[in-house]
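Student: I am new to this one, and I would like to find my way around. Could we take a look together?

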Amino acid sequence: MPLSRIITLIVGLIVILGLSLWLIDAFSRLYWQFSYSAPLLGNLLLFLLIVLLGALIAAFVYYVFVIQAGENRQRQRRQRPSVEIPAAKSEAASSTLEAVKQQVAQIQDEVARQALLSQSREIETNLARGEIQVVVFGTGSAGKTSLVNAVMGRVVGKVDAAMGTTQVGETYCLRLKGLERQILITDTPGILEAGVAGTEREQLAREVATQANLLIFVVDNDIRQSEYEPLRALAEIGKRSLLVFNKSDLYTDEDKEAILARLRQRVRGFIAPSDVVAIAANPQSVELENAGTFQPEPDILPLLRRMAAILRAEGEDLVADNILLQSVRLGEQARKLIDTQRRRQADKIVDRFQWIGAGVVSVTPLPVVDLLATAAVNAQMVVEIGRVYGCELNMDNARELALSLAKTLASLGIVKGALQLLTTALQLNVATFIIGRAIQGVTAAYLTRIAGKSFIEYFRHDQDWGDGGMTEVVQRQFQLNRRDEFIKIFIQQAIARVVQPMQRSSEVQEEKLDKKSLQ
């Protein structure tokens, strides 16, 4: 009780006592005065005195035991942690989910779109329900199911079975005193199992683990590198984790402490020492002298204490953080799908305009290959690529971008390099007499491709060339598009789209000339 409240009660008692003494004295004098002359009036005054004293005592009792108790209950309700997710994080998760829905609406692949919508609805359900997801994770031989059995106090799965018996994540309900949220504890398939089926079960376990509010990672000795890597990866994405050393009853106290010390050392930096605990979920039976056996009780108290402390202190934040994390990860999936979709659309635009550029240059050949001659074609390409990425450019801005990139291509020597590269490649596939006429168109197509690929990177990164600027992007695209495997495919396409049409056109011209000469 606050000090101010205690002082108020003491003062109140003194006042009530003083008033009571004054009333008794006053009424006693009046009573003796009227008791002889008017006995009835004296009795009435005595009755009035008793009523007043009773009212004072009743008021005091009501204040102390009713009003004070009510105020205490209200204060406790105000102090009790709310089961609602912290407002800022809840709003962040809701806004992220709304943004994801807008992104998903842009996905053209119906299967992918429905899958993401299903995930977003599941996250919304979790946001409304607010359950705490505890996931038990680790190898199949570490004793995960035994741990769940011990925690639940009843058999919920096969114990001491062969690795791989837990086919899917099995979930059970748990309640902790002082925690209003329902706890769902999930036993996952073991990781690091052999075969295709084992790999599939491990993938399932990892997916379930990424949805956990609290991860219980179970080992039965010092952690191996193959166990350390998934634990570290889950911690890096924000999973609150407990590292549990199970089967500690198989070791002496000295060995157990040594193993705990090594575990704490290995996970230092992403798991606190207090979050590394030793248990014996299914202790070995002990042979008795009378040929009987004694089965010790599971020793999981260190885990229960630590888990309860974490969930009571951090439960609300863990739920909010996990929902926000899932929302962000879902948004990343949507962005990747949209990016892939846009890349396909933009690549089709580049493929179309590179051959348009080749046709323009082939029809009106120039003394030297100059990308400035196809500026109008490339400007239109820039406009269409920008539109794919939600950026509307006018032709003036697009032409300025195209000219700037053309100058960069020339200044870097890429025009000259492309000429040499394509001339050599064409000589191996085309008759020498046609190379001179085709090389300009083929080179224009190649340079248009490099320009288009560079603009895709520019729009992908919100109209930003990056730290290295336009020069670095153009050089990287040139290196990617000069590989032997690409050049072979490009030359085959160039022959079909540029060289062969020129040959047919040349043959038609020759036939016309022959006919004229015969006439």
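**Helices, strands and salt bridges**

Tutor: Happy to! Helix 8 (residues 253–266) lies across strand 4, strand 5 (240–245) and strand 6, and runs at about 160° to strand 6. Keep in mind that this is a predicted model.

Student: In what order do the strands form the open sheet?

Tutor: There are 6 strands in this open sheet, and their pairing is mixed. Strand 2 (170–174) and strand 6 (276–278) stand at the edges with a single partner strand each, so one side of each has no neighbour in the sheet. Reading across, the order is 2-3-1-4-5-6.

Student: Which residue of strand 3 is the bridge partner of glutamine 133?

Tutor: Strand 1 (residues 132–138) and strand 3 (residues 183–187) run parallel and are joined by 5 bridges. In strand 3, the partner of glutamine 133 is leucine 184.

Student: How many residues apart in sequence are the parts tied together by arginine 240 and glutamate 314?

Tutor: The side chains of these two meet in a salt bridge, 3.0 Å from N to O. Arginine 240 lies in strand 5 and glutamate 314 in helix 9 (residues 301–363), so the pair ties together parts whose separation in sequence is 74 residues.

Student: Is arginine 240 buried or exposed?

Tutor: Buried means under 20% relative accessible area. Arginine 240 has 18%, whereas glutamate 314, at 27%, is partly exposed. So arginine 240 counts as buried.

Student: Which helix holds both glutamate 472 and arginine 476?

Tutor: These two form a salt bridge, with their closest N and O atoms 3.6 Å apart. They sit 4 residues apart, about one turn, and both lie in helix 14.

Key:
Residues numbered from 1 in each chain as written. Predicted model: local features only at pLDDT ≥ 70, side-chain atom pairs only at ≥ 80, totals over all residues. Heavy atoms only, no water. Pairing = 2+ DSSP bridges. Helix = DSSP H or I, 4+ residues; strand = E, 2+ residues; numbered from the N terminus. Contact = heavy atoms within 4.5 Å. Axes fitted to C-alpha atoms, helices over the stretch in contact; angles between N-to-C directions. Salt bridge = Lys/Arg side-chain N within 4 Å of Asp/Glu carboxyl O. Buried < 20%, exposed > 50% of the residue type's maximum accessible area, 1.4 Å probe, protein only.
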